[in-house]
Amino acid sequence: MVMGEPGREEYRIQSFDAESQQLLKTALKDPGAVDLEKVANVIVDHSLQDCVFSKEAGRMCYAIIQAESKQAGQSVFRRGLLNRLQQEYQAREQLRARSLQGWVCYVTFICNIFDYLRVNNMPMMALVNPVYDCLFRLAQPDSLSKEEEVDCLVLQLHRVGEQLEKMNRQRMDELFVLIRDGFLLPTGLSSLAQLLLLETIEFRAAGWKTTPAAHKYYYSELSD
């Protein structure tokens, strides 16, 4: 079940309730007809509960922002979205303590938003440090002992690492010091976590690309 029209971007919304589905459809077609702050909250709430949706929510947010800008030249939705992301960011430790899955979903979502939202064809500066802070948290020893957080860290670096490095090279260097130390001091690390961290170190060293040899090595190991 998808939402969209022929020739337009499609969005999977089958996991939303009927009322929210209708709200999102209207926001995409006629954003002036709905409360866009409510729309932002619905999307964030759902992203924190559904890790599959959190990986692709950025496309929907981008489309709503474009629709609102075209219709009214305003940015109510974007402002509401960023405000809510900021609220969750400030309470990230409480979120992590309350729900590891919710925390992983949040990091996935904010990285997805960073990946899609642009100002003058550049990533949003307001998101750079919050995204870095989330990735730094995932690289702490207590997070590296949890495969869900290691997996999230690696996936997000594959997705937005190159963009983040262009925005702030020093912080990326500092993040990879943590990742390297985590790999070299593997107390409590699973063999899968070690493998993922090593693959990520090599991925960055190769210019944010996976070489054919590395792909063959790591992904044959992962499939085993």
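A residue counts as buried when its relative accessible area is under 20%, as exposed when that area is over 50%, and as partly exposed in between. Keep that in mind for Cys 105: at 0% relative accessibility, this cysteine counts as buried. Everything here comes from a predicted model.

**The chain as a whole**

Let's start with the big picture. The chain holds 13 helices and 4 strands. Its radius of gyration is 18 Å, close to the 17 Å that the globule rule gives for 224 residues, so the chain is as compact as a globular protein of that length. If you follow the C-alpha trace along its principal axes, it spans about 55 × 35 × 35 Å.

How much of the chain counts as buried? Of its 224 residues, 46% do. As for contacts with a separation of 6 or more, 62% of them come from residues 24 or more positions apart.

Then there are the charges. The chain carries 25 positive and 30 negative side chains. The centres of those two sets lie 4 Å apart.

**The cysteines**

How many disulfides does the structure hold? It has 1, and the partners are Cys 51 and Cys 105, with their sulfur atoms 2.1 Å apart. The link is left-handed, with -110° about the S-S bond. This pair ties together distant parts of the chain: Cys 51 sits in helix α3 (residues 51–54), while Cys 105 belongs to helix α7 (residues 100–116), 54 residues apart.

Are the two partners buried or exposed, or something in between? Cys 51 has a relative accessible area of 21%, which makes it partly exposed. Cys 105, as we saw, is buried at 0%.

Why don't Cys 134 and Cys 152 form a bond with Cys 111? It comes down to distance. For Cys 134, the closest cysteine sulfur is the one in Cys 111, and at 6.9 Å that is too far for a bond. Cys 152 also has its closest cysteine sulfur in Cys 111, at 6.7 Å, again too far for a bond. For reference, a disulfide needs the two sulfur atoms within 2.5 Å.

| Residue | Relative accessible area | Class |
|---|---|---|
| Cys 51 | 21% | partly exposed |
| Cys 105 | 0% | buried |
| Cys 134 | 0% | buried |
| Cys 152 | 3% | buried |

**Two residues to look up**

Gln 22, in turn, is 108 residues from Pro 130 in sequence, and the two are 31 Å apart in space, C-alpha to C-alpha.

Now move on to Thr 211. You'll find this threonine in the loop between α12 (191–205) and α13 (212–223). Thr 211 counts as partly exposed, at 32% relative accessibility. Setting aside neighbours within four places in sequence, Thr 211 is in contact with Glu 202 and Ala 206. Val 34 is 177 residues away from Thr 211 in sequence, and their C-alpha atoms are 47 Å apart in space.

Technical notes. Residues are numbered from 1 along each chain as its sequence is written. This is a predicted model: local features need pLDDT of at least 70, side-chain atom pairs count only at pLDDT 80 or more; totals for chains, interfaces and linings use all residues. Side-chain values use heavy atoms; hydrogens and water are left out. Helices (H or I, at least four residues) and strands (E, at least two) are DSSP runs, numbered from the N terminus. The radius of gyration is taken over C-alpha atoms; the globule rule is 2.2 Å times the number of residues to the power 0.38. Buried means under 20% relative accessible area, exposed over 50%, partly exposed in between (1.4 Å probe, protein chains only). Contact means heavy atoms within 4.5 Å. Lys and Arg count as positive and Asp and Glu as negative; His and the chain ends are not counted. The place of a charge is taken as NZ of Lys, CZ of Arg, CG of Asp or CD of Glu.
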